Amino acid sequence: MSGAVRPHVLFNSEWDSSQSWRSALACEFDDLGFSTPDSVDSADAVNIALIWKVPHGGLRRYSNLKAILSLGAGINQLDPEQLPEGVPLARLVNQTLTETMVEYAKAAVFRCHRNFDVFERHGRTEHWQYIAPKLAGDTTVGVLGLGELGSAIAVALTREGFDVHGWSRTLKSLPGIRSHCGQQGLVELARQSHILVNVLPLTPETEGILSRALFDQCQGTRLINMGRGGHLVEADLFEALASERILSATLDVTAVEPLPPSHAFWNHPRILLTPHVAGLSSPETAVQVVASNIRRALAGERLLHQVDAVRGY
Ligand code: NDP
Ligand code: OXD
């Protein structure tokens, strides 16, 4: 179409395949520029950044940038110091990501609900101990964060028969789910939950939320952290595991990733680590929302799932 601005995408990710994204986007746009930071000919030609992290040197040198599109649902991995001011930022919302997050949450919750975490530990010391299984309806799961992912997780767990509570900044009306907000709401949820699933975004308000103050409300609770490593105060978790306020922890995310070889999380009898694999964003399904956002950005329209700079998510 004459007069239409040609999209030129700068792609940067150590995890996602640039080739797959280039092919997927080429099916959406007849004329597409696509570069990685080391293959950019002209910084001025770039108008879209599709990135997991900010490339070396930051994004300020791309003076015609119209949008920054995160390759993740989270955006805290993007150093704000390195982002140009006034350029809208969108997070990734995608069905495959939601489905894989729900699947991970269900797997981790069922593992705890059926005491596999305890039996794995007993197995290492050849200890046979019968523990009667509970019915799903007798297990309360508290989900921290009831956004795109948390609400899908909470609804899916309710469908499995669990008693589900959720915590968010604003109260929600979700079928079968008890919604809480505020500090008192967090305390109530923590006191009642047998299993806590964290799927909050990492912001200044939520940093370190999985800490002693919260664990002090727990009694033999299982913790599942699918949010970010920065939500967890590691020293407080070790203390809570020792006192059995927290019975076991399933950690998909850690403050430093990859987790260094000598870290005390490795080989801890009550910790299961997974290497940030809970959610998967595939270009085949995510390309549609990304392409829509490229079109919106070039037309000067508001982005889908645009991050609110004040809330920080
Ligand atoms: P959303 O922005 O859709 O939802 C965020 C939720 O958190 C909302 O319910 C929001 O409340 C709530 N919230 C935010 N701040 C606070 C606060 N201070 N107090 C209480 N509640 C708060 O995000 P998503 O669901 O899409 O993603 C959530 C996070 O999951 C990502 O930011 C990322 O960190 C993590 N993630 C991890 C993955 C993995 O592989 N481990 C994969 C994908 C995401 P309200 O609704 O009232 O605004
Ligand atoms: C995300 C992630 O934020 O994969 O999407 O962690």
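A cavity is a set of points, on a 1 Å grid over the protein atoms alone, where a 1.4 Å probe fits but cannot get out. Lining residues have an atom within 4 Å of a point. Grid points are joined across faces, edges and corners, and a volume is the space filled by probe spheres set on the points.

This is a predicted model, in which local features need pLDDT of at least 70, side-chain atom pairs count only at pLDDT 80 or more, and totals for chains, interfaces and linings use all residues. Residues are numbered from 1 along each chain as its sequence is written, chains are lettered from A and ligands numbered from 1 in the order in which they are written, and side-chain values use heavy atoms, with hydrogens and water left out.

Start with the cavities. The structure holds 2 of them of 30 Å³ or more. Helices (H or I, at least four residues) and strands (E, at least two) are DSSP runs, numbered from the N terminus. Helix α8 gives the most to this lining, with 3 residues. Both β4 (67-70) and α8 (283-298) supply at least two residues each.

The second largest cavity holds about 30 Å³ of space. Among the residues that line it are Ala73, Arg91, Leu92, Glu148 and Leu149. Two or more residues of this lining come from each of α2 (95-113) and α4.

Now turn to ligand 1. A residue is near a molecule if one of its heavy atoms lies within 4 Å of it. Ligand 1 is surrounded by 30 residues, and the closest are Arg91, Thr170, Lys172, Asp252 and Tyr313. Helix α4 (residues 148-159) gives the most to this shell, with 3 residues.

Polar contacts come next (pairs of N or O atoms within 3.5 Å; within protein, one must be able to donate a hydrogen and the other to accept it, and residues adjacent in sequence count only if both atoms are side-chain atoms). Arginine 91 places a polar side-chain atom 2.8 Å from an oxygen atom of ligand 1. Leucine 149 uses a backbone N or O atom, 2.9 Å from an oxygen atom of ligand 1. A polar backbone atom of arginine 169 is 2.9 Å from a nitrogen atom of ligand 1. Alone, ligand 1 exposes 950 Å², and the protein buries 92% of that. Such accessible areas come from the Shrake-Rupley method with a 1.4 Å probe; for residues, only the protein chains shown count as cover.

Which residues surround ligand 2? They are Trp52, Gly72, Ala73, Gly74, Arg228 and His276. Alanine 73 has a backbone N or O atom 2.7 Å from an oxygen atom of ligand 2. For glycine 74, a polar backbone atom is 2.8 Å from a ligand 2 oxygen atom. Histidine 276 uses an N or O atom in its side chain, 2.6 Å from an oxygen atom of ligand 2. The protein covers 84% of the 210 Å² of accessible area that ligand 2 has on its own.

Last come the charged pairs. Side chains of opposite charge can pair when their charged atoms come close. In a salt bridge, a side-chain nitrogen of Lys or Arg lies within 4 Å of a carboxyl oxygen of Asp or Glu. The whole structure has 10 salt bridges. One of them joins aspartate 31 and arginine 6, at 2.9 Å from N to O. This pair links distant parts of the chain, 25 residues apart. Aspartate 31 sits in the loop between α1 (18-26) and β2 (33-35), and arginine 6 in the segment before β1 (8-12).

Technical notes
On a 1 Å grid over the protein atoms alone, a cavity is a set of points where a 1.4 Å probe fits but cannot get out, and a pocket is an open set with protein on both sides within 12 Å along at least five of seven lines; lining residues have an atom within 4 Å of a point.
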